[in-house]
2 protein chains.
Amino acid sequence: MLECAMPARQTPRPRARRQTPEARPYHHGDLRRVLIDAALQLAAEGAEVSVREAARRAAVSPGAPFRHFPNRDALMAAVAEEAQRRFRTEIEAGLGQAPVADPLARFRAFGLAYLRWAMRNPAHFEIISTGRYFAHGSSAELTRDNAELVALTERMLAEAAEQGLLRSADLKRIQIAGRALVYGFARMNLDGHFPRWGVQEDEVERMAEGVIDLFIAGIEKPGRTP
Amino acid sequence: MLECAMPARQTPRPRARRQTPEARPYHHGDLRRVLIDAALQLAAEGAEVSVREAARRAAVSPGAPFRHFPNRDALMAAVAEEAQRRFRTEIEAGLGQAPVADPLARFRAFGLAYLRWAMRNPAHFEIISTGRYFAHGSSAELTRDNAELVALTERMLAEAAEQGLLRSADLKRIQIAGRALVYGFARMNLDGHFPRWGVQEDEVERMAEGVIDLFIAGIEKPGRTP
DNA sequence: CCATTATGTAATCATCGATTACATTTCGGA
DNA sequence: TCCGAAATGTAATCGATGATTACATAATGG
């Protein structure tokens with residue numbers, strides 16, 4: 001994908017360039033890609049993501065990124081798309097380990113994969129979720145991806161209802177509540193609430209599991225798992 | 001603490017000041033207060049909160065705010081404290097209307113008041129909740145307030161457990177889940193997720209109520225309200 | 001081989017948070 | 001009552017940032 005890093009470095013110094021001793025090739029390999037990665041890494045480090053800093057890490061002038069992105073928001077959108085792609089991959093891997101026939105087990109696996117990724121990639125999750133860095137609707141890919149995940153949980157719940165596993169028939173309400181629960185848990189972690197709620201760092205993933213189980217037990221028809 | 005607002009404004013123009021036709025008093029009445037309000041309003045308008053803009057609205061030089069706040073974060077912290085105060089007031093008013101004897105009804109009223117305020121004051125909620133504008137722990141008032149709210153829900157759940165109203169004895173898990181649910185719902189609204197989830201603007205408050213009821217029904221011992 | 005296009009650089013601008021030196025006002029004690 | 005210290009606001013300035021422009025250089029294809 002990216003051949004990157006000085007391909008034919010042997011141009012014999014065509015003209016006396018600036019005084020820089022090492023004449024790196026004028027064209028960067030795949031600057032767009034490198035900028036996205038730099039920004040992702042910045043986010044992962046918890047630092048502010050600035051165009052200039054990304055350019056700095058790519059060893060390129062401050063104006064160069066604007067050849068690839070019309071503005072900062074466009075860069076952030078690209079970063080979010082990359083993060084979302086990784087998120088999706090993780091979710092699908094998690095779902096792949098759940099029994100196909102049991103919709104509630106799949107629902108649980110979904111939530112677990114969701115939270116596990118969010119716990120382990122807080123900065124990436126922040127970028128995807130918050131719509132603060134750019135208008136969410138401005139990325140068709142992000143919108144589509146998200147719609148698919150929504151549809152996925154919707155299907156799981158519909159199946160569960162068909163199999164008579166649920167206490168309530170108001171699927172939309174259950175879906176929103178489930179999303180709110182998982183999203184809220186992820187954001188509590190992100191926003192640093194857990195210390196205040198007496199949840200230790202190393203308890204968080206276990207608590208995530210417990211919270212999901214509590215929710216599922218709450219929507220499940222009673223007497224199924226005694 | 002602060003004696004406030006232009007006490008003896010009647011100084012009869014002591015010296016020919018600058019050419020400004022209206023010689024406003026050199027000292028602002030209570031700039032600190034005005035800055036906080038300006039910043040709150042900025043947040044309410046969804047605009048970026050900048051020190052300069054707050055100063056501009058207070059009709060004061062860009063450097064003036066730094067006489068009252070060591071840096072931007074300190075201003076934001078003061079804004080958050082003000083918002084939190086209003087939030088608390090709303091919560092307590094909501095709780096005042098719930099029957100004292102029924103802890104789950106109080107739990108419900110708490111959640112409703114929480115969400116209603118968050119829905120109607122999204123920018124203020126953002127400032128209180130997100131810890132992005134300043135280190136949360138840097139404000140003793142905020143920390144204390146929050147601890148009290150946590151303790152409050154804890155007590156409600158403990159009472160509910162004593163009265164045998166709950167299915168599960170794991171109170172901490174219930175508490176975290178409840179918080180995650182409510183917080184997540186508020187943030188979904190804030191982060192603009194609801195359109196993507198098919199929840200219309202005018203449905204949101206009704207949906208908030210529904211989600212809370214679903215949660216309570218889930219933790220309640222079955223057969224209580226048939 | 002050369003012209004068109006893509007890509008990076010340099011210089012520049014406005015805005016922002018922050019600091020400093022200085023001006024003005026207020027207020028309490030001699 | 002006066003005066004000096006403390007509080008409060010202004011003006012000027014700094015470095016960083018997002019963004020734009022004119023220009024330089026490389027890659028590509030007819």
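Two residues are in contact here if their C-beta atoms, placed from the backbone, lie within 7 Å. This is a predicted model, where local features need pLDDT of at least 70 and side-chain atom pairs count only at pLDDT 80 or more, while totals for chains, interfaces and linings use all residues. Residues are numbered from 1 along each chain as its sequence is written, and chains are lettered from A, with ligands numbered from 1, in the order in which they are written.

**Figure 1. Chain A, helix after helix.** Among contacts in chain A between residues at least 6 apart in sequence, 64% join residues at least 24 apart. Chain A has eight helices and zero strands, and reading along the sequence gives α-α-α-α-α-α-α-α. Helices (H or I, at least four residues) and strands (E, at least two) are DSSP runs, numbered from the N terminus. Of the 226 residues, 34% count as buried. For burial, count the other C-beta atoms within 10 Å of a residue's own, with C-beta atoms placed from the backbone: 20 or more is buried, 12 or fewer is exposed, and in between is partly exposed.

Figure 2. The score here is pLDDT, the predictor's confidence in each residue, from 0 to 100. Chain A has a mean pLDDT of 87, and 86% of its residues reach 70 or more. Confidence is lowest in helix α5 (residues 122-130) of chain A, at a mean of 92, and highest in helix α8 (residues 204-219) of chain A, at 98. Residues 1-23 of chain A are another story: pLDDT stays under 50 there, and the model has 13 contacts beyond four places in sequence for this stretch. Where pLDDT is low, the predicted coordinates should not be read in detail.

**Figure 3. Chain B laid over chain A.** A rotation of 180° with 0.0 Å of shift along its axis puts chain B onto chain A, at an RMSD of 0.1 Å. The two copies are thus related as by a two-fold rotation axis.

**Figure 4. Where the two chains meet.** Here 33 residues of chain B are in contact with 33 residues of chain A. On the chain B side, the elements giving two or more residues are α5 (122-130), α6 (140-162), α7 (171-190) and α8 (204-219) of chain B. Of these, α7(B) gives the most, with twelve residues. By type, that side of chain B splits into 18 nonpolar, ten polar and five charged residues. In this count Ala, Val, Leu, Ile, Met, Phe, Trp, Tyr, Cys and Pro are nonpolar, Asp, Glu, Lys and Arg are charged, and the others, Gly among them, are polar. The copies meet through the same surface, because 100% of the interface residues of chain B are also interface residues in chain A.

**Figure 5. Helix α3 of chain B and its cover.** Helix α3 (residues 72-96) of chain B has 25 residues and reaches 36 Å from its first C-alpha to its last, close to the 36 Å expected at 1.5 Å a residue. That expected span is 1.5 Å times one less than the number of residues. Buried residues in α3(B) include Leu75(B), Val79(B), Phe87(B) and Ile91(B). Their cover includes α1 (31-44), α2 (51-57), α4 (103-120), α5 and α6 of chain B. Glu82(B) also sits in helix α3 of chain B, and is partly exposed, with 18 other C-beta atoms within 10 Å. Leaving aside neighbours within four places in sequence, Glu82(B) is in contact with Ile36(B) and Leu40(B).

**Figure 6. Helix α5 of chain B, mostly covered.** Seven of the nine residues of α5(B) are buried, among them His124(B), Glu126(B) and Thr130(B). The cover on α5(B) includes α1, α3, α4 and α7 of chain B. Just after α5(B), Gly131(B) takes a positive phi of about 60°.

**Figure 7. Val79(A) in the nonpolar core.** A nonpolar core is a set of buried Ala, Val, Leu, Ile, Met, Phe, Trp, Tyr and Cys residues joined through C-beta atoms within 7 Å. Of the 113 residues in the largest one, Val79(A), Val211(A), Val79(B) and Val211(B) touch the most other members. Leaving aside neighbours within four places in sequence, Val79(A) is in contact with Ile36(A), Ala39(A), Leu40(A), Ala43(A) and Ile127(A).

**Figure 8. A positive phi at Ala59(A).** Ala59(A) has a positive phi of about 55° although it is not a glycine. Ala59(A) is in the loop between α2 (51-57) and α3 (72-96) of chain A, and counts as exposed, with 11 C-beta neighbours inside 10 Å.

Terms used
Least-squares fit on C-alpha atoms with pLDDT ≥ 70 in both.
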